[in-house]
Amino acid sequence: MSIHRSHILVCSGSNCTLRASVPVRMALRAAIADQGLDKEFKVIETGCFGLCQEGPIMVIYPEGIHYCGVQPDDIDEIVETHLKKGRVVNRLLYRGEAEQEVTLPSTPFYQRQHRVVLRNVGAVDPENIEESLARDGYQGLAKALDTMSPRDVVQTMLDSGLQGRGGAGFPAGRKWDFTLRASGEPKYVVCNADEGEPGTSKDRLILEGDPHAVIEGMAIAGYAVGASQGFIYIRGEYQLSLQRFRKAVEQAREYGLLGSDILGSGFSFNVEVRSGAGAYVCGEETALLNSLEGRRGEPRYKPPFPANEGLWGKPTLINNVETLANAAPILMHGAQWYRSLGSEDCPGTKVFTLSGDVANRGLIEVPMGITLREIVEDIGGGIPGGRQFKMAQIGGTSGGCIPAEHLDIPIDIPHLDDVGASLGSGALLIVDDSHCMVDLSKTFLHFFAHESCGQCTPCREGTMLMRKLVDGIAAGSGTRKDLELLERITATMRKASLCGLGQTAPTPVLTALRYFSDEYEAHIDSGRCISGACGVAVGGMKS
Amino acid sequence: MIMLCSCREVKIVREDVKEAVQRCGREKHQLLEILGQLQKGTNFLERDTLVAVAEELDLPLAEVYGTATFYSLYSTKPRGRYVVRVCESAPCHIDGAADILAAVKAHLGVAVDETTDNSQFTLETTSCLGVCSVGPAMMINDEVYGNLTPDRAVEILQSYN
Amino acid sequence: MKSMQELEAIRQKAKKAMKVREGQENAIVVSVAMGTCGIAKGARDVMMALVDETAKRGLDSVVITQSGCAGFCEKEPMAKVHMPGQPEINYGYLDANRARDIVARHLVHGEIVHDYVVQLPGGEDRA
């Protein structure tokens, strides 16, 4: 084994890849080889560091220096100045608000975070299982197999209070418990990686940055519920995630961490990687199961729940990527430790994708109960361009819009419920005061009208009708009656739709109507839109 | 279509389908995988392909067709060599996705869901590609591009000519 | 691997290979001056010898890093050793063999190798 004196980590998450991290890495490798430095320096592709806005990001160890916005042209200087002479290239350091060069880990962006799920994302090479092992990868599984019964594992998950991180927030331990108790053989574990909620890319960045955490979580779940086959269903659009995950599964097999008689315990478990084909509704768990079976991804009636009748009618545990990635740390450190993070009603941490009109966009993990203001102002660095915060849409396009007056609410399930929003999948879209709510509502509704699977009437017709009404309001031909009609349609959809898609599709428009009714009224009454995005005159609102 | 020509095509189609089925497996749950493989060459699924798949897997044609038309990554209509998907979800929308779409439309001279005359490009819109921190974004076949401006989007398209 | 013991062995080995990325608190830090001057006088050989020798001896808690020119080009190649709770020791006029000597005597036994120590006018803050 060769030991390199310095490791250079270059982000290869999707976002940095779009910002030229591949040419950067290639240029760096070439320059290092050219200068004969390849015995000293090891270049490692790693997952997302979170601060995607500043990408591509590079970290040089042992110094721990972070460089931001590195382009291929910068490589010569980095090699000459830093690698060869040990001097920091100041111009590439992260600049804080005061335009001062600071080290990244000391910024509020990192200081306010707490990384449990993202513990290895940005710290390891996701294509090298040994790096994951060095950072305690598969230690949770080893502990479970060595010292715990399946019942103990389920009990620990129940005690931890972990709630599903895919959107619905159902207690994860209870799902595990139901599946363990269910009769029927074989049982399956399915990882839901069909991350389609607009504004959400946390699962993608976990899969790309630390696939072994997810494999380990699936294996732990398999042991707990008595399944020996797992499936992961990854969005078809996520080519890099699919490729990395397949590689990780192969490596885990090679090392005997998947397969038969894992670590001499007698427990066997395999994972099969499946690709989706572009259908938002497949994020709904029963639709996903249908898709896995090779059918149209239409949701099933519930009950029966997947825990009793899931894949091919067999008991199936289906959890989101982030939920499963929490399993190993919970087993390693205990349920009490997990409960010590986050708020009383919502233990633990949550990973968010921060996007929109905010200075630091990217991937963050925060303790539950942190306030929206802390995320926007401290971690997010506030609203750029001298604009004002208008609203945050939490949980993706099916999530609620939270106005400035609620900036101080703690982010957890009950508090969000109070303001008509829900935690959802972990999207956090920040919108400044230059945008029109009617125009945004239009975007939301076009999305749902396209993605409704058409199986049940309230959702199929409701999404189309809502779209038509809001299109009309935006074009200046709406009436006050339309607003009443909107309310009635939304009520029907929430009560009568078959699955979560139809039940939550009205949420963004309902919250927009609740907090920004003046904008709707301005479009209807005086034909004015604050942003000019709509087909009516630009202008302020009547107050 | 001329019969002679069609027959030969059907033969090729059948061979392709047999190969894909062999690679993925004959079980019904491999249907999505099989369709995905078969679409790789032409960017769309011909009727003959669906017929052959139905026969190979012993499924009703209606079921194969129903599945193929359910998913937006599959198409049963001819598409160009490159499928351009412009993201129109909310995060890209507030980053100016509408301007990107307008520029791409103008450059290609087609509307959404249309294909250029030279069969090079098909323009589609897509929901979130999961790269919201670097929006607005678009995807050309399997390649994702972010931080777009109208000019950059056109430059990228030109690089595909 | 087929047992918990094997997993532990691979984990320990992998940890070693990643040592360089861990925090430096309470670690022994050896910093080699890698300015143009130092490199010209063989700092790279010194660095490689330090890396090699510490790895051979399994000195996991030693971090080997680099710094810029300390301003005493004449005394290059230079390196300083910082052990937790002790003053920094500056070494000069090094070569690969001397570097290995420092590892064996100073890093392993805590014995300052006085033959190679250089006194820097102006004290540590300049180094």
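Colleague: In which helix of chain A is Leu469(A) found?

Modeller: This is a predicted model. Within chain A, the residues 457-474 form a helix, and Leu469(A) is found in this element. The helix is H19 of chain A.

Colleague: Is Leu469(A) buried or exposed?

Modeller: A residue needs 20 or more other C-beta atoms within 10 Å of its own to be buried. Leu469(A) has 21 other C-beta atoms within 10 Å, and therefore counts as buried.

Colleague: Which residues is Leu469(A) in contact with, leaving aside its neighbours within four places in sequence?

Modeller: Ala227(A) is 242 residues from Leu469(A) in sequence, and 48 Å from it in space, C-alpha to C-alpha. With the neighbours within four places in sequence set aside, the contacts of Leu469(A) are Asp482(A), Leu485(A) and Leu486(A).

Colleague: Of the two pairs of chains in contact, which chains share the most contacts?

Modeller: Chain B and chain C have no contact with each other, and their closest C-alpha atoms lie 27 Å apart. Of the two pairs that are in contact, the one sharing the most contacts is chains A and B.

Colleague: Which element gives the most to the side of chain A that touches chain B?

Modeller: In this contact 45 residues of chain A meet 33 residues of chain B. Elements of chain A that each supply at least two residues are helix H1 (14-18), helix H12 (285-292), strand S11 (349-356), strand S15 (427-432) and helix H18 (437-451). By class, this side of chain A has 13 nonpolar, 22 polar and 10 charged residues. With five residues, the element that gives the most is H18(A).

Colleague: Which element gives the most to the side of chain C that touches chain A?

Modeller: The contact involves 29 residues from chain C and 26 residues from chain A. At least two residues each come from helix H1 (4-18), helix H2 (36-40), helix H3 (43-56) and strand S2 (62-67) of chain C. The element that gives the most, with nine residues, is H1(C).

Colleague: How do the residues of the side of chain C that touches chain A divide by class?

Modeller: Chain C brings 29 residues to its contact with chain A. By class these are 16 nonpolar, eight polar and five charged.

Colleague: What is the order of the elements of chain C from the N terminus on?

Modeller: Chain C has four helices and four strands. Of its 127 residues, 39% count as buried. Among its contacts with a separation of 6 or more, 67% are between residues 24 or more positions apart. From the N terminus on, the elements run α-β-α-α-β-β-β-α.

Colleague: How far apart are the centres of domain 1 of chain B and domain 2 of chain B?

Modeller: The domain assignment puts residues 3-70 of chain B in domain 1 and residues 82-158 in domain 2. The C-alpha atoms of chain B fill a box of roughly 50 × 35 × 25 Å along the principal axes. Taken over C-alpha atoms, the separation of the two centres is 29 Å.

Colleague: Where in chain B is the pLDDT below 50?

Modeller: Chain B has a mean pLDDT of 91, and 95% of its residues reach 70 or more. The stretch with pLDDT below 50 has one contact in the model beyond near neighbours in sequence, and it covers residues 1-7.

Colleague: Why is strand S1 of chain B described as largely enclosed by the rest of the structure?

Modeller: S1(B) pairs with strand S2 (residues 121-126) of chain B in the parallel sense over six bridges, and Val83(B) stands opposite Thr122(B) in S2(B). With strand S3 (residues 138-140) of chain B, S1(B) pairs in the antiparallel sense over three bridges; here the bridge partner of Val86(B) is Met138(B). S1(B) spans residues 82-87, and it is largely enclosed because the number of its six residues that are buried is five.

Colleague: Which residues have the most contacts inside the largest nonpolar core?

Modeller: The largest nonpolar core has 218 residues. Helix H10 (residues 211-225) of chain A gives the most to this core, with 10 residues. A second, separate core of 26 residues includes Val51(C), Val63(C), Leu94(C) and Leu107(C). In the largest core, the residues with the most contacts are Val214(A), Ile220(A), Ala221(A), Ala137(B) and Met138(B).

Key
Residues are numbered from 1 along each chain as its sequence is written. Chains are lettered from A and ligands numbered from 1 in the order in which they are written. This is a predicted model: local features need pLDDT of at least 70, side-chain atom pairs count only at pLDDT 80 or more; totals for chains, interfaces and linings use all residues. Domain bounds come from an automatic or database domain assignment. A residue is buried if 20 or more other C-beta atoms lie within 10 Å of its own, exposed if 12 or fewer, and partly exposed in between; C-beta atoms are placed from the backbone. Two strands pair if DSSP finds at least two bridges between them. Two residues are in contact if their C-beta atoms, placed from the backbone, lie within 7 Å. Ala, Val, Leu, Ile, Met, Phe, Trp, Tyr, Cys and Pro count as nonpolar, Asp, Glu, Lys and Arg as charged, and the others, Gly among them, as polar. pLDDT is the predictor's confidence in each residue, from 0 to 100. A nonpolar core is a set of buried Ala, Val, Leu, Ile, Met, Phe, Trp, Tyr and Cys residues joined through C-beta atoms within 7 Å.
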